[in-house]
Amino acid sequence: CPSSPKLSPTPSEKCGVLNVTKITENGKKVRKNWTSSWTVLQGFSLLFAKGQGGGTTWKFGSNQSKPEFTVDLRGALVEWASKEKSSKKHVIELKTRQGTELLIQSEIDSVINDWYRALTEAISTHAWE
Ligand code: I3S
């Protein structure tokens, strides 16, 4: 993880800025709302915080700024999104067991490929917890 935004990094962590939108929440379709999010992968949790920079103090775990939302990767599915899901390039579709579907995107293909790998690994590592 980069040293800024400030987080207490652990070796298993991955973070970076990604474009994210929910498409389904608790099994219900929701309107797309692409936002640039500071994204942290921590064990089986994927955390998103809105709007990188902008004077926010980035400290997950403190009471200063909470992640926008957190996704439980246990039992989740990750795949490359089909053309029907988004017109954007490099889009990952993430379906959680809780019935939330997200699209995750980066313009940079090496970045999105790394996330694809990291998410797949996290899911398989924590599959049986
Ligand atoms: O799947 P859709 O409906 O084509 O998704 C697009 C829309 O959500 C659009 O916003 P509104 O129609 O709500 O104003 C977004 O601006 C687009 O980015 C969405 O499509 P992409 O293909 O970029 O995911």
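Visitor: How many nonpolar, polar and charged residues are in the lining of the largest pocket?
Guide: That lining has five charged, four polar and three nonpolar residues. Asp, Glu, Lys and Arg count as charged; Ala, Val, Leu, Ile, Met, Phe, Trp, Tyr, Cys and Pro count as nonpolar; the others, Gly among them, are polar. This is a predicted model, where local features need pLDDT of at least 70 and side-chain atom pairs count only at pLDDT 80 or more, while totals for chains, interfaces and linings use all residues. Residues are numbered from 1 along each chain as its sequence is written, and side-chain values use heavy atoms, with hydrogens and water left out.

Visitor: What counts as a pocket?
Guide: On a 1 Å grid over the protein atoms alone, a pocket is an open set of points where a 1.4 Å probe fits, with protein on both sides within 12 Å along at least five of seven lines; lining residues have an atom within 4 Å of a point.

Visitor: Which residues line the largest pocket?
Guide: They are V20, T21, K22, E25, V30, R31, N33, T35, S37, K50, E68 and F69. The elements giving two or more residues to this lining are β1 (14-25) and β3 (35-42). Strands are DSSP runs of E, at least two residues long, numbered from the N terminus.

Visitor: Which element gives the most?
Guide: β1, with four residues.

Visitor: And how much space lies in the largest pocket?
Guide: About 190 Å³, taken as the space filled by probe spheres set on the grid points.

Visitor: New topic. How many salt bridges does a search of the whole structure find?
Guide: Five. A salt bridge is a side-chain nitrogen of Lys or Arg within 4 Å of a carboxyl oxygen of Asp or Glu. One of them joins D72 and R74, at 2.7 Å from N to O.

Visitor: What does K85 form with E93?
Guide: A salt bridge, with the closest N and O atoms 3.3 Å apart. K85 also meets E101 in a salt bridge, at 3.7 Å. In that pair, E101 is in strand β8 (residues 101-105) and K85 is in the loop between β6 (77-80) and β7 (91-95), 16 residues apart. Shared partners join K85, E93 and E101 into one network.

Visitor: Is E93 buried or exposed?
Guide: E93 is buried, at 3% relative accessible area. Buried means under 20%, exposed over 50% and partly exposed in between, with a 1.4 Å probe and protein chains only. E101 also counts as buried, at 17%, whereas K85 is partly exposed, at 29%.
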